[in-house]
Amino acid sequence: SVLPVNREVSLIPIQNDWIVELNAGIQQLAEEYDLEYLDIHSLLKDEKGRLNERFTSDGIHLNGQAYITWTKAIAQHLKDDF
């Protein structure tokens, strides 16, 4: 999934509504091609759908805590023999 942004932290010319729509399209493509869709977006957003401030300092780039959250989510989907 494409990650959310936080326009409250920094003025970014991207709307989270666009990202949600893009993610819906990516998820649909994944289903069509029998691929797993991993929704990291939902893990990193706040209650208003923005990139949670605890995961960013500038509203778009991730910090270490965000990457830890992302890594844990991916690890759950890896095969044991990978």
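**Exercise 1.** Decide whether W18 is buried or exposed, and find where W18 sits.

*Solution.* W18 counts as exposed because its relative accessibility is 51%, where exposed means over 50% relative accessible area, buried under 20%, and partly exposed in between, with a 1.4 Å probe and protein chains only. W18 is placed in helix α1, residues 16–32, helices being DSSP runs of H or I with at least four residues, numbered from the N terminus.

This is a predicted model, in which local features need pLDDT of at least 70 and side-chain atom pairs count only at pLDDT 80 or more, whereas totals for chains, interfaces and linings use all residues. Residues are numbered from 1 along each chain as its sequence is written, and side-chain values use heavy atoms, without hydrogens and water.

**Exercise 2.** Work out which residues of α3 are buried and why they lie on the same side of α3.

*Solution.* Begin with the buried residues of α3, which are A66, T69 and A73. They lie on the same side of α3 because they cover an arc of only 65° around the axis, the arc being that of the directions from the helix axis to the C-beta atoms. In general, an α-helix has 3.6 residues a turn, so residues three or four places apart point the same way. On the other side of α3, finally, T71 and K72 are exposed.

**Exercise 3.** Describe the setting of R54.

*Solution.* R54 belongs to the loop between α2 and α3, and R54 counts as exposed because its relative accessibility is 53%. Leaving aside residues up to four places away in sequence, R54 touches N63 and Q65, contact meaning heavy atoms within 4.5 Å.

Note on methods: Helix = DSSP H or I, 4+ residues; strand = E, 2+ residues; numbered from the N terminus.
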